[in-house]
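My notes follow the order in which I checked things.

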Amino acid sequence: MLPKELFQPKSIAVIGASRNQEKVGYGVFANLVKAGFPGSLYGVNPGGGEVLGYPLLTSVEAVPAPIDLGVFVVSPKDILKAFPILAAKGMKAAIAISAGFKEIGGEGILLERDLTAMAKSTGIRVVGPNCLGVIDTHACMNASFSNGTPSKGNIGFISQSGALCTAILDQSIGGDIGFSKVISMGNKADVSESDLLEYLADDPETRVIMGYIESIDDGRRFVRAAKEVTSRKPVILVKAGATASGAKAASSHTGSLAGSDNAYGAAFRQAGIIRAASIEELFDFSIAFSMRPPTSSGKILILTNAGGPGILAADAVERLGINLFEVSEELQAKMAPKTPPTASLNNPIDIIGDARADRYRDVLNILSQEDSIDTILVLLTPQGMTEPDETARATVETLGKTNKAVFASFVGQASVEEARKILMAGGIPSYPVPERAVDAACAMFRYSNVRRADFPEDGGSLGGRPMAAQRALGRILNKGGKGGEEDSRDILEAYGFSFPKNAFATTSKEAVEAFRSMSVPKVVMKIVSPQILHKTDVGGVKLGLASEEDVANAYETMMSTISRLVPDAHIEGVSIQEMIVGGQELILGLTRDPQFGPLLMFGLGGIYVEVLKDVAFRIAPISKRDAREMIREIKYYPLLAGYRGTDPVDEDAVVDALERLSVMSSDFPEILELDINPIRVMPKGKGLRAIDCRVSVAGTEK
C-alpha cells in the first residue's frame, strides 16, 4: 500500500532545487510554492542562495528531520547517495524525477536496480525515475515540473509518459477540467500502475480514474487489482503500442492471432476497465463519469432543435448497439402543449429551429420528471432565433441536480462557446459533436453492466487426469516440443475432450483394416508428420472415404503427393478417423502472453479462422461468465445462436470446454501454444467433438 505521505506530506525536501529558471529543479520547487504547499518546504543545492524567498540548503545532511517526501532532481548517482541520508531522517516516500536510468541502457539499468533495491530495503516507496512528478490538488501539492497546476477535481490521472502527461495537463487547464491527483509513473522502478489503482480506489477525492499505459509488468496482479477497483469506481485507460509483436514467432493460429494488443484488450474487459481508443475519448469518457451518474438502461432520449444532428446522434446510438428511448403517447401528450404543431415528439424529439430557451426549458422540465428516462442528450444548433447561453442555463437548472445521465452537444463554435462553459460549470458534460456525446453515454452504460455483474471466483473446479497428460507432454518434448494430432489428442482427452473414433496406420493395408474395424459409414484420412502443420495445403487430408477401395486409393495418392510437395518431411503414418458431419466448426486455442500468462481464444474454426479472424480472447483462469462472454462476443455469434430456422448450438458444452482449457493452462505452464481446430459443436444438448489439434511445449524454439 502506498503511504499517504506521497500525496499529503507535511514536509518536502527538493534535492536539486535551482535558482536558474531554465532548470527542472527550479520548475519543481516553483510549482510547490505557487500551488500553496502548506507544509515545510526545503530546497537543497550545493551553491546555496535562495529561490522564491526560500533559502537553499547546501547539503542533504542540513535538511531538518522529519522529512515525509523527498523529490530528487539530481543525477542518478547523487540520488543513490542522498537517498539513505533522507531515509534516516524519516522519509516515507520519494519521487525520482531525474532521467539517466534504464531508459538509456547500460549503466543506467544497473543504477535503476540499485534504486529499486534501496527502496525495498528501506520500505520507502518511489515514484519514477524518469518521470514528470506527482500532483495532489486537494493537498495543494505540485511536486512536478508541469506548466501550471490543474484545478481541483475528482479525476485521478496516471500516465506512463511524462510528455503526454504535460500535454493532458495543459489541455485540462485550458478547459478547466479538474483533477484530484496526477501521477507520472516514468520507469516504474518501484511504484506501478497496480499500486496506484489500489490507492486511488480508496481515495475519497477521486471519483474516476483515467490513465495512459504503454506496458504492464505484472499483468496478473494488474487484473486482480483492477477487478477490485472497477467494482467501485470507473477506470478508463488508453493503451499505446497496439502491435502484434507477441505473434512474431507463433506457430499456431492462436499465437499468430493473439498479439500483445489482444491480450491487453482481454485483460481490460475481464477487469471491467473501459478502454479509450484515443486521448480524445479518454477525456470525453472521464469528463462524463466525473460529472454524472452512470446510465443503466442503455436507452437514450435525444432532444434537438434540428433534424440533422438528431439523426447523426440516432445513427451513433444504433452503431454502438444501444437503444433509443421509446416515447409513450402519454409523454407526447404532456409535451404537445409546450411545442409547435410541426414538432416531432418521437425520439429524437425535434422542437424545430425557432426554439428559444423557454421551449427547451418547458420540455426539459417534463422530461426531468419522468423516472423511466435515465439518459438525455440535449442538442442545439445556433440559428437566428436560438439562445445558446440561456438554453445552457435552462439545461443546467432543469437537469443539473437530477440523477440522470445528461449530455449536451451545442454544435458550432463562436456563438456556442460561452454556452459550453455554462454547461460544464453546471455539471453537464458538453461535446462539440453529437457522436462524441453518444460514445460517452455508451461508455457509461458499459460500466453500469460491469458494476451490476458480480465477478465470479476464477474457474478451476473442472479437473482432468494430469498424469496422463504429463506422459503425452513428455513424448512431445522428446520429439522436439511440437506435438501433432496423435500426441496432442491424448492431452486433451485427459481433460475431458471427446474425439471421433480413430486409428493409426503406417501402410495402406493397416489403413484398410482400421476402416473395417470402425464400422462407420465414412472416414477421414490425415497425414501424421511433425513437419506438416497445414495438412490440407499439401493434400494431407482426404474426406468422405466410404469403402476399403477408397481408403487404399487415398493412401497411395496422399503418399505420392506429399513426397512430391514436401520431400523432406518425416512421415510417421496416417490417422484414420470417423467422419463427423453436422454442427458448426469452431476453434479453441491457448497461448502464453509474456505479461498476462495463459491467453485463451475462441472463434469460428476451419478455414474461417484464417479468412475472417473473428475471434475473442480472455486471460486464464476464466469463469463461466467469461467463457460465455467470449462466445457471444464474436461477430458471427448469430450463426451459433440459431439463424433463420437453424438449431442453436450447444453453447453450454463450449463454455465447459473453455473452462477445461483454462484449467489445463494452469496445470501445465509448459504448454506454450495449443490449437483445437476444428472442433465441431453440435445442436443444443449434443455436445462437441474435437477433430484436429496440435500443441507446442516449452523446450522448443518458438
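**Entry 1: α4 and α8.** I began with helix α4 (residues 162–174) and helix α8 (residues 279–291), whose axes come within 12 Å and cross at roughly 50°. Axes are lines fitted to C-alpha atoms, for helices over the stretch in contact, and angles run from 0 to 180 degrees between N-to-C directions. α4 and α8 are therefore oblique to each other. For the angle classes, under 35 degrees is roughly parallel, over 145 roughly antiparallel, 65 to 115 roughly perpendicular, and the rest oblique. I noted the crossing of α4 and α8 as right-handed. The near helix turned clockwise from the far one gives right-handed, and anticlockwise by less than a right angle gives left-handed. From α4, Leu-164, Ile-168, Gln-171 and Ser-172 make the contact, and from α8, Ile-279, Leu-282 and Phe-283. I sorted these residues of the α4 and α8 contact into 5 nonpolar, 2 polar and no charged. Ala, Val, Leu, Ile, Met, Phe, Trp, Tyr, Cys and Pro count as nonpolar, Asp, Glu, Lys and Arg as charged, and the others, Gly among them, as polar. Contact means heavy atoms within 4.5 Å.

**Ground rules.** This is a predicted model, where local features need pLDDT of at least 70, side-chain atom pairs count only at pLDDT 80 or more, and totals for chains, interfaces and linings use all residues. Residues are numbered from 1 along each chain as its sequence is written, and side-chain values use heavy atoms, with hydrogens and water left out.

**Entry 2: the whole chain.** I read off 22 helices and 30 strands. Helices (H or I, at least four residues) and strands (E, at least two) are DSSP runs, numbered from the N terminus. The C-alpha trace spans about 95 × 80 × 40 Å along its principal axes. Of the 702 residues, 56% are buried. Buried means under 20% relative accessible area, exposed over 50%, and partly exposed in between (1.4 Å probe, protein chains only). Among contacts with a separation of 6 or more, 72% join residues 24 or more positions apart.

Entry 3: The axes of helix α2 (residues 76–88) and α3 come within 10 Å and cross at roughly 5°. α2 and α3 are therefore roughly parallel to each other. By class, their contact has 10 nonpolar, 1 polar and 3 charged residues. I then looked up Phe-101, in the loop between β6 (93–96) and α3 (107–122). Buried or exposed, at 0% relative accessibility? Phe-101 counts as buried. Beyond its neighbours within four places in sequence, its contacts include Pro-76, Ile-79, Leu-111 and Leu-115. Glu-112 is 11 residues from Phe-101 in sequence and 5.4 Å away in space, C-alpha to C-alpha.

**Entry 4: α15 and α16.** Helix α15 (residues 466–478) packs on helix α16 (residues 485–493) at an angle of about 160°, with the axes 8 Å apart. α15 and α16 are therefore roughly antiparallel to each other. Their crossing is left-handed. I counted 5 nonpolar, 1 polar and 3 charged residues in the contact of α15 with α16.

**Entry 5: α11.** Helix α11 (residues 357–368) has 12 residues and reaches 16 Å from first C-alpha to last, close to the 16 Å expected at 1.5 Å a residue. The expected span is 1.5 Å times one less than the number of residues. Its buried residues include Arg-359, Tyr-360 and Leu-364. Among the elements covering the buried residues of α11 are β15 (299–304) and α12 (388–399).
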